[in-house]
Amino acid sequence: MSNRGNFSGRLGFILAAAGSAVGLGNIWRFPYLAGQNGGAAFLFIYMVFIFLLCFPVMVGEIAIGRKVGSDAYGSYRTLGGKRWGFLGIFGILAGIFILSFYNVVAGWAFGYFLEISFGDLLNHQDFGAFFGSYVNDVSDNLWFSLGFMVITAVIVSQGVQKGIEAANKIMMPSLYVILICLIVYSLTLPNAMAGVKFYLIPDLSEIKAQTIFDALRQAFFSLSLGMGALITYGSYVKKDQKIVSSAAIISAADTMVAFLSGLMIFPLVFSAGQSPTEGPPLVFMILPQIFHDMGPILGRIVGGSFFLLLCFAALTSTVSLLEVPAAFLVDQKKFPRKPVVWALALLVFILGLPSMVSQGMAGFEFLNKLPFYQGRDFLTFVSDMCDISLTVGGCLMCIFITYRWKIENMNTELKIGDDTYMGSLTQRYISFAIQYIGPILLSILSVLVIIDKFFGIEKVF
Ligand code: PHE
C-alpha cells in the first residue's frame, strides 16, 4: 500500500479534508437556504445537526478509511465482506453524479470571476435577466466548465501530496483571507445591521418541516459526508495521527466558512434593499447588482474577489470528488493514476451536459420542466437525488459500523495515536450517535425527504 501516497502530516490532511468540505455548499448554497428558511432559525437547526450527528459520522468515515488504507469500495469490502462493498460503489457513483452538476455551477462561478475581473459583466443593468441568458449561453459555459474540470484533473493527476495537498495549502488560507476582507467591507455598509439581525436572531416560529430537511441535507453535503470522500482521504492518513480532534477541526472550519459566508452576504443583500429569499440565483443575480452599484473599479475588485473565492472553494471540493472514483480505479484495478483521472474527468464532464442545458436552453425545454419531478429542472433533480444518497449513505455507514464492523473495532482504531480517547465523554458520545441517533434519525428523515421531493410534504401529510 505504500505507493498509494500519504498526506505529509496532520496539517496536510486537515486542510485537504476541510478543502473538500468547504465549497459551493458553504458560499453558494448555505446562504440561499438560510435566506429561504428564516435566516437564524435555519442556522440554529443546522448547527444542531452538525454537532449532534455529522461530526460522529465524519469520525466514523475517517476511521474506516484509515483502518483499511484503501478506497471507499475496498474499505467496506475488506471490513465487511463482498456484500458491503456495494455501499462503497454507491458512494463512488454518488460522487460522480455530484461532480457532474457541481462542475456546471463551478463553471458559472469561474465565468463570473473572469468576466467581472477582466470583462464587462458589471456593465449590465438587469442581472436577473443576465443570469437567465448567461446559463443558457452554452457556447461560453461549455468552455468555463470544461476549463474547471481540466484544472481539477491537473491537480488530482499529480497525486495526494504534490497535487491535492499542495493545492489546498495555498487555496484554503487564501480563501479565509478573501472572506474576512469581504465581511469587513460588507459590515461597514449602511443598513448592514438589518442583515446581521435577520441572520443571527432566531425566530423559532420560522422552523418548519422544510427547515429541518434542508438543514439536514445541507449539513451532509457541506461536510462531504455519506459518499466516501472522507473514507478516501482518511485512507491517506498516517497511523500516528489523532482522528477525532482532526474531525473536530474540519467540522469547525467548514461550519465557520458557512457561518462567515452568511455574515458576508446578508449585510450586502439588506444594505442593497434586496430580498434574501431569492434561492439558487442569490449569489449570481443579487450580488452582481450590488457589485455594479459600487462603481466600476471597486465593483470589479470586490466582485472579482468574491467569485475568485467561490472558485477556490469549489476547486478544493471538485478535487476531492474526482479523487473518490480515481482512488477506486487505482486501488482496485491497478490502473495508472494519470490516465484514470483524465478519463474520469471526461466522463463526468459529459454526464454534466444535461444539467448544463437544463436551465431553459432552446431545444432542451423538456429538461427544464420534468413532469415526474414537480416541474423542476434536471440540475435540481440530480442535485436532490445526490443529497438523498448522502443521507442514505450516512445511515448505512452507521448501520455498517454498528452491526458489521462493530463499534469496539472503530474505537480501537480511534484510540491509535490518541491516548486519552478511551473512556472519554467524546468516545461515549460518538459511539452512541453512531449506534442510535444516526440509523434512527437518518432513516426517518431520508424517507421524509424523498416523499417531500417527489410529492411535496405538505400535500402528503
Ligand atoms: N462539501 C462540498 C461543498 O460544500 C461538496 C461535496 C460533497 C464535496 C460531497 C465532496 C463530497 O461544496
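User: Which hand does the crossing of helix 9 and helix 12 have, left-handed or right-handed?
Analyst: This is a predicted model, in which local features need pLDDT of at least 70, side-chain atom pairs count only at pLDDT 80 or more, and totals for chains, interfaces and linings use all residues. Helices are DSSP runs (H or I, at least four residues), numbered from the N terminus. A crossing is left-handed if the near helix is turned anticlockwise from the far one by less than a right angle, and right-handed if clockwise. For helix 9 and helix 12, the crossing is right-handed.

User: How are helix 9 and helix 12 oriented to each other?
Analyst: Helix 9 (residues 192-200) and helix 12 (residues 243-271) pack with their axes 7 Å apart, at an angle of about 135 degrees. Axes are lines fitted to C-alpha atoms over the stretch in contact, and angles run from 0 to 180 degrees between N-to-C directions. Under 35 degrees counts as roughly parallel, over 145 as roughly antiparallel, 65 to 115 as roughly perpendicular and the rest as oblique. Helix 9 is therefore, relative to helix 12, oblique.

User: Is Q218 buried or exposed?
Analyst: Residues are numbered from 1 along each chain as its sequence is written, and side-chain values use heavy atoms, without hydrogens and water. Q218 lies in helix 10 (residues 209-222). Buried means under 20% relative accessible area, exposed over 50%, partly exposed in between (1.4 Å probe, protein chains only). Because its relative accessibility is 0%, Q218 counts as buried.

User: With which side chain does the side chain of Q218 make a polar contact?
Analyst: The side chain of Q218 reaches the backbone oxygen of G25 at 2.8 Å. A polar contact is a pair of N or O atoms within 3.5 Å; within protein, one must be able to donate a hydrogen and the other to accept it, and residues adjacent in sequence count only if both atoms are side-chain atoms. At 2.8 Å, the side chain that makes a polar contact with that of Q218 belongs to R29.

User: Which residues does Q241 touch, not counting residues up to four places away in sequence?
Analyst: Q241 lies in the loop between helix 11 (229-234) and helix 12, and is buried, with a relative accessible area of 9%. Contact means heavy atoms within 4.5 Å. Not counting residues up to four places away in sequence, Q241 touches G9, R10, R66 and I416.

User: Where in the protein chain is confidence lowest?
Analyst: pLDDT is the predictor's confidence in each residue, from 0 to 100. The protein chain has a mean of 93, and confidence is highest in helix 4 (residues 72-80), at 98. Confidence is lowest, at a mean of 68, in helix 19 (residues 457-460).

Conventions:
Helix = DSSP H or I, 4+ residues; strand = E, 2+ residues; numbered from the N terminus.
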